[in-house]
Amino acid sequence: MKTKNIIVVVVLIVIVAALLGVIVNLKKAYDLRDYAITHNCTWTYQGTAYGDDRDYVCK
């Protein structure tokens with residue numbers, strides 16, 4: 001019974017962490033969208049290998 005409770009808690013922690021990741025990424029996407037609308041531009045991929053927001057430029 002104790003092992004079953006530990007498994008349930010671990011699964012819940014994983015689910016909460018995944019949902020938090022989704023929420024953070026959606027927030028970033030909405031912020032980029034709002035910036036583009038405000039500044040009347042579109043995000044363009046630059047082809048760099050950093051893997052973060054440095055890869056995009058709002059033109």
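The paragraphs below go through a predicted model, from its overall layout to individual contacts.

The chain contains one helix and two strands, arranged along the sequence in the order α-β-β. Confidence in the prediction averages a pLDDT of 88 over the chain, and 88% of the residues score at least 70. Helix α1 has the highest confidence, with a mean of 94, whereas strand β2 (residues 56-58) has the lowest, at a mean of 84. Where pLDDT is low, predicted coordinates should not be read in detail.

Of the 59 residues in the chain, 5% are buried. The accessible surface of the chain amounts to about 5,300 Å², and carbon and sulfur atoms account for 68% of this area.

Helix α1 covers residues 2-38, which is 37 residues.

A nonpolar patch lies on the surface, formed by I7, V8, V11, L12, I15 and L19. Together these residues have about 540 Å² of accessible area. One of them, I7, is found in helix α1. An α-helix has 3.6 residues a turn, so residues three or four places apart point the same way.

Charged side chains come next. Side chains of opposite charge can pair when their charged atoms come close. The structure holds two salt bridges. In one, K27 pairs with D31, and the closest N and O atoms are 2.9 Å apart. Both K27 and D31 belong to helix α1, where they are four residues apart, or about one turn of the helix. D31 has a relative accessibility of 37%, so this residue counts as partly exposed. The other salt bridge joins R33 to D34, with 3.6 Å between the closest N and O atoms. R33 has a relative accessible area of 46% and is therefore partly exposed. D34 is also partly exposed, because its relative accessibility is 38%.

How many aromatic pairs does a search of the whole structure find? The search finds one. This pair consists of Y35 and W43, whose ring centres are 5.6 Å apart and whose planes form an angle of 35 degrees, an arrangement classed as tilted. The class follows from the angle, because planes under 30 degrees apart would count as stacked and those over 60 as edge-to-face.

The last point concerns the backbone just after α1, at N40. This residue sits in the loop between α1 and β1 (43-45). Most residues other than glycine have a negative phi. N40 has a relative accessibility of 71% and therefore counts as exposed.

Technical notes. Residues are numbered from 1 along each chain as its sequence is written. This is a predicted model: local features need pLDDT of at least 70, side-chain atom pairs count only at pLDDT 80 or more; totals for chains, interfaces and linings use all residues. Side-chain values use heavy atoms; hydrogens and water are left out. Rings of Phe, Tyr and Trp (its six-membered ring) pair if their centres lie within 6.5 Å; planes under 30 degrees apart count as stacked, over 60 as edge-to-face and the rest as tilted. The expected span of a helix is 1.5 Å times one less than its number of residues. pLDDT is the predictor's confidence in each residue, from 0 to 100. Patches are made of residues with over 30% relative accessible area and no salt bridge: like charges are joined within 9 Å, nonpolar side chains (Val, Leu, Ile, Met, Phe, Trp, Tyr) within 5 Å. Accessible areas come from the Shrake-Rupley method with a 1.4 Å probe; for residues, only the protein chains shown count as cover. A salt bridge is a side-chain nitrogen of Lys or Arg within 4 Å of a carboxyl oxygen of Asp or Glu. Buried means under 20% relative accessible area, exposed over 50%, partly exposed in between (1.4 Å probe, protein chains only).
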